[in-house]
Amino acid sequence: MPKIIVEVMPKADLLDPAGKAVANALQRKGHKEIANVRIGKRIELHYASNPTDADIEAAKQIAADFLSNGVIEDVINVTVEN
């Protein structure tokens, strides 16, 4: 089933408590090479047929209006996956 994938991440200048917790846990487990972790969201919008250019543009608007909080998050990617 074709889908549009929307990726949302916390804004770079904001604290990511979940990412910080994971980074600290990884450091404690010996993964000293990992300096930082950021945790975001992946949202899948499934379509009955291949998404058109208009569907992709609509998904970008949906991502900005409904799937992310513009105050604390950025939509970083909107792609089609078949």
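Q: What makes 10 side chains of the chain positive and 12 negative?
A: Lys and Arg count as positive and Asp and Glu as negative, while His and the chain ends are not counted. On this basis the chain has 10 positive and 12 negative side chains, and the centres of the two sets lie 12 Å apart. Each charge is placed at NZ of Lys, CZ of Arg, CG of Asp or CD of Glu.

The model is predicted, and local features need pLDDT of at least 70, while side-chain atom pairs count only at pLDDT 80 or more and totals for chains use all residues. Residues are numbered from 1 along the chain, and side-chain values use heavy atoms, without hydrogens and water.

Q: Why is the pattern of the chain written β-α-β-α-β?
A: Helices (H or I, at least four residues) and strands (E, at least two) are DSSP runs, numbered from the N terminus. The chain has two helices and three strands, and this pattern is their order along the sequence.

Q: How do you know that the chain is more spread out than a compact globule?
A: The globule rule is 2.2 Å times the number of residues to the power 0.38, and the radius of gyration is taken over C-alpha atoms. For 82 residues the rule gives 12 Å, whereas the chain has 16 Å, well over that value, so the chain is more spread out than a compact globule.

Q: Which residues does A63 touch?
A: Contact means heavy atoms within 4.5 Å. Not counting residues up to four places away in sequence, A63 touches V6, S68 and V75.
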